[in-house]
Number of protein chains: 2
Amino acid sequence: MFTLLMSKLYLYPACELINLRDCPMKFEAVTIKDIAKALGLSTSTVSRALRDSYEISPETKKLVLEYAEKINYHPNPIALSLRERRSRSIGVIVAEIANSFFSQAIDGIESIAYKNGYNVIISQSRESFEREQIHLNYLTSRSIDGLIVSVASETKDFRNFKDLHDKGMPIVFFDRVVTDIDTHKVTVDNYQGAYNATRHLIEKGFKQIAAIANSEVLSISRERVAGYKAALADQGIKEKDSFIRHCAHGGLILSEVEEAVSGLLEQKTKPDAILALSDKITTGCFRILKSREIAVPDEIGLIGFSNSDLTELIGPPLSIIKQPAFEMGEIATGLLLQLIESKRPVTEFETKTLAPQLILRESSVNKKDRPVIIR
Amino acid sequence: MFTLLMSKLYLYPACELINLRDCPMKFEAVTIKDIAKALGLSTSTVSRALRDSYEISPETKKLVLEYAEKINYHPNPIALSLRERRSRSIGVIVAEIANSFFSQAIDGIESIAYKNGYNVIISQSRESFEREQIHLNYLTSRSIDGLIVSVASETKDFRNFKDLHDKGMPIVFFDRVVTDIDTHKVTVDNYQGAYNATRHLIEKGFKQIAAIANSEVLSISRERVAGYKAALADQGIKEKDSFIRHCAHGGLILSEVEEAVSGLLEQKTKPDAILALSDKITTGCFRILKSREIAVPDEIGLIGFSNSDLTELIGPPLSIIKQPAFEMGEIATGLLLQLIESKRPVTEFETKTLAPQLILRESSVNKKDRPVIIR
DNA sequence: AACGTTGCCGGGAACGATTGCGTAAATAAA
DNA sequence: TTTATTTACGCAATCGTTCCCGGCAACGTT
């Protein structure tokens with residue numbers, strides 16, 4: 001290195017000096033050429049030796065491998081990507097990272113991706129259609145091999161996803177899936193989750209149960225509301241349209257939750273319990289009830305979807321429907337990698353539906369029954 | 001496209017058919033060559049036209065740009081990376097994504113990186129030295145342009161970071177910094193944060209204030225403990241070694257927090273307040289006090305570092321020292337990009353210290369004073 | 001009329017790796 | 001000995017870009 005530098009300096013002193021300044025030297029890239037030159041071999045031989053090709057003699061292999069080890073050679077992943085036309089990275093679009101459900105899911109995604117030598121590139125839609133589409137564009141222009149998506153609350157137009165999928169981009173949806181696009185999907189049994197929670201409320205003596213859901217177009221909202229309605233029907237309770245509210249931004253904006261709650265409380269017969277059908281709505285709802293000094297569960301019972309560990313510590317501890325987020329991330333990634341690495345185009349897609357977990361605590365237990373704390 | 005395919009099919013029917021099967025067609029890569037061929041130009045001309053070079057006539061430019069737009073051309077970032085020897089992606093290593101502080105910081109990192117056309121590759125150490133080093137290795141072998149790190153609790157040996165930095169890899173530390181390595185750092189005024197919290201406890205009438213900190217080697221632990229001690233000293237309270245506990249894994253394992261709390265409660269004079277000096281420890285601590293049915297703050301007051309929004313909803317609402325996590329992520333990324341894109345090697349490094357925010361709620365207010373709820 | 005400028009463009013070598021093909025030497029088979 | 005076969009390696013193309021050259025017109029200058 002030193003001698004090399006010196007000789008170059010001798011030939012082009014100024015040029016080299018400038019170069020040294022301009023390039024902060026980065027990571028001294030030791031390439032296959034360096035090995036070839038040092039060992040008096042061709043790059044092809046070195047490459048094959050490193051890949052343990054049968055065409056290379058054991059002695060040469062040993063030589064190459066030892067030298068590569070010695071100078072700490074690592075194949076340049078970018079060169080590989082260019083040649084193999086795959087980047088070995090997958091894109092992820094979620095509403096927001098700082099949401100327990102998504103961060104746990106990303107955790108799962110990352111763990112499987114890492115094990116298989118893939119990078120994960122994360123972006124957040126913040127429930128905005130526009131941001132989602134921008135990120136979609138950006139990610140695809142960055143040549144990712146596949147995509148894992150939980151669509152934004154605002155999104156009503158799935159054409160871009162559809163086009164992308166039709167063009168051959170492997171996509172796996174999780175949590176909030178797009179029913180119209182035929183690909184792998186990973187969800188929780190939202191219907192059952194909402195059904196069980198509603199039924200639980202009824203069993204605990206609540207009569208007037210309202211529901212606040214995420215955006216109407218979202219798959220999870222439809223399924224959860226359906227579960228809620230079914231549970232009411234099964235218990236002979238008539239559903240009221242005025243008891244079902246939606247938050248277009250998934251509760252990301254507290255004011256929309258506030259509006260939903262207000263809408264419920266202003267009615268002639270007020271609800272005695274609220275079923276919150278999305279993470280942010282659950283905690284948002286509690287926040288509002290608390291600020292209005294409405295006692296939970298004595299005045300209004302509360303249960304909702306949530307993946308936060310801290311719900312247990314809230315006063316009163318919140319009953320929640322918890323999704324196996326980490327597992328969902330793992331499964332989605334497994335399916336995606338399967339799609340990416342499949343030799344032939346995949347035409348059979350599956351929808352994995354996991355079981356949600358109902359964790360009952362104090363917030364959903366009517367005073368008559370208190371304390372029935374099941375954990 | 002169709003005619004092209006047909007002519008190829010005519011020449012190499014079998015070959016093409018196999019190809020079509022093996023390659024799930026991916027993303028139909030429209031390249032600069034396609035444009036050149038279609039327009040009867042050379043690739044150099046097209047490239048230059050796209051980059052608006054002065055060497056290209058306005059007419060040709062127009063032609064190329066319009067055609068490129070029409071067929072939706074996007075430069076292949078991988079080819080660019082190979083040529084420019086930069087991947088336009090930065091690595092991030094944090095303890096765990098599903099931790100409010102880190103997810104908020106990542107949020108900030110991602111926003112700035114995205115604006116500047118960089119990808120973010122995230123990995124989690126889970127406070128383990130081994131995992132951290134594995135990820136460090138992996139990330140550097142994936143040719144990232146720079147690194148943002150908050151070191152793991154377990155890490156005592158910073159040689160790999162140091163070596164990497166010495167080799168020219170731009171690194172920015174945030175939150176948990178490595179004092180020995182001279183590079184940009186972004187922290188919060190940990191000393192002041194702990195000082196103010198301690199002082200607040202004293203003012204609220206607590207006399208026996210204990211502290212539970214993260215791993216001893218961590219910069220944040222040292223600074224926070226120092227602030228705690230200083231506040232005691234300033235108020236003429238003698239510090240007790242037995243009142244300072246450490247959690248080697250940063251509270252990631254609840255049992256170590258349990259052990260720390262037990263250690264405090266077993267003493268002849270028990271503490272009447274606990275200062276938790278790390279996110280996980282704060283909530284872990286509360287969790288344990290609650291499970292032991294120790295009233296907060298009546299029996300033991302509690303305040304601690306935390307970035308979770310839900311601390312407000314806990315019963316009783318937790319007083320916290322909150323870090324501007326999002327902002328820290330933004331600043332760290334800005335500094336990193338500055339480092340990456342600097343023409344000449346940077347030798348002057350700065351440490352940005354932001355102000356923590358003390359949010360006082362009920363958990364740190366002694367009964368005599370209740371209710372003094374400052375928000 | 002001869003020569004220098006300028007404008008505009010193409011050829012081709014990189015970047016780092018893989019791989020189909022060709023081929024020399026060494027060995028085996030005839 | 002001649003021919004076939006194997007062994008072990010090198011050449012060169014390729015992936016998509018950029019950019020250093022070099023070239024060829026059409027000018028303008030003397």
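This is a predicted model: local features need pLDDT of at least 70, side-chain atom pairs count only at pLDDT 80 or more; totals for chains, interfaces and linings use all residues.
**Entry 1. How the two chains relate**

I began by superposing chain B on chain A. A rotation of 180° with 0.0 Å of shift along its axis does this, and the RMSD is 0.1 Å. I noted that this is the relation of a two-fold axis.

I then asked which surface the copies use to meet. Of the interface residues of chain B, 98% are also interface residues in chain A, so the copies meet through the same surface.

**Entry 2. The interface in numbers**

I looked up the contacts next. On one side 64 residues of chain B take part, and they are in contact with 63 residues of chain A.

The size of an interface is often given as the accessible area lost when the parts come together. For chain B and chain A I wrote down about 5,800 Å² buried between them, with 56% of it on carbon and sulfur atoms.

How many salt bridges are there between chain B and chain A? The count is 4. One I looked at joins the side chains of Asp107(A) and Arg126(B), at 2.4 Å from N to O. I also recorded 20 residue pairs in polar contact between chain B and chain A, both residues being at pLDDT 80 or more. On the side of chain B that touches chain A, the elements giving two or more residues are α2 (13-22), α6 (77-84), α7 (100-115), β2 (119-124), α8 (129-141), α13 (279-291) and α14 (325-341) of chain B.

**Entry 3. Gln124(B)**

I picked a residue of strand β2 of chain B, Gln124(B). Is Gln124(B) buried or exposed? I found it buried, because its relative accessible area is 1%, and the cut-off for buried is under 20%.

I listed what Gln124(B) touches, leaving out residues up to four places away in sequence. In chain A the list holds Asp107(A) and Glu110(A). In chain B it holds Val94(B), Ala95(B), Glu96(B), Ile97(B), Arg131(B) and His135(B).

The side chains of Gln124(B) and Asp107(A) are joined by a polar contact of 2.5 Å. The side chain of Gln124(B) also reaches the backbone nitrogen of Ile97(B), at 2.9 Å. I noted that Asp107(A) is also the residue whose side chain meets that of Arg126(B) in a salt bridge.

As a check on distance, I looked from Gln124(B) to Lys204(B). They are 80 residues apart in sequence, and 38 Å separates their C-alpha atoms in space.

**Entry 4. Strand β5 of chain A**

I moved on to strand β5 of chain A, residues 185-188. Which way do its residues point? Lys185(A) and Thr187(A) point one way, Val186(A) and Val188(A) point the other way, and all are buried.

I then looked for strands that pair with β5(A). Strand β4 of chain A, residues 171-174, pairs with β5(A) in the parallel sense over 2 bridges. Strand β11 of chain A, residues 351-354, also runs parallel to β5(A), and 4 bridges join them. Lys185(A) has a bridge partner in each of these pairings: Phe173(A) is one, and Thr351(A) in β11(A) is the other.

**Entry 5. His165(B)**

I looked up His165(B), which lies in helix α9 of chain B, residues 159-166. His165(B) is buried, with a relative accessible area of 14%. Its side chain reaches the backbone oxygen of Asp182(B) at 3.4 Å. Not counting residues up to four places away in sequence, His165(B) touches Ile171(B), Ile181(B), Asp182(B), Thr183(B) and Phe349(B).

**Entry 6. Backbone angles in the loops**

In chain A, the loop between α13 (279-291) and β9 (301-305) holds Pro297(A). The peptide bond from Val296(A) to Pro297(A) is cis, with omega near 5°. Another cis bond runs from Gly315(A) to Pro316(A), with omega near -5°. Pro316(A) is in the loop between β9 and β10 (319-322) of chain A.

Glu293(A) is in the loop between α13 and β9 of chain A. What is the phi of Glu293(A)? I found a value near 55°, positive in a residue other than glycine. Glu293(A) is exposed, with a relative accessible area of 70%.

I looked at Glu293(B) too, in the loop between α13 and β9 of chain B. Its phi is positive, about 55°, although Glu293(B) is not a glycine. Glu293(B) is exposed, and its relative accessible area is 70%.

Technical notes: Residues are numbered from 1 along each chain as its sequence is written. Chains are lettered from A and ligands numbered from 1 in the order in which they are written. Side-chain values use heavy atoms; hydrogens and water are left out. Copies are superposed by least squares on the C-alpha atoms of residues with pLDDT of at least 70 in both. Contact means heavy atoms within 4.5 Å. Buried means under 20% relative accessible area, exposed over 50%, partly exposed in between (1.4 Å probe, protein chains only). Two strands pair if DSSP finds at least two bridges between them. Buried area is the accessible area (1.4 Å probe) that two parts lose on being put together, summed over both. A polar contact is a pair of N or O atoms within 3.5 Å; within protein, one must be able to donate a hydrogen and the other to accept it, and residues adjacent in sequence count only if both atoms are side-chain atoms.
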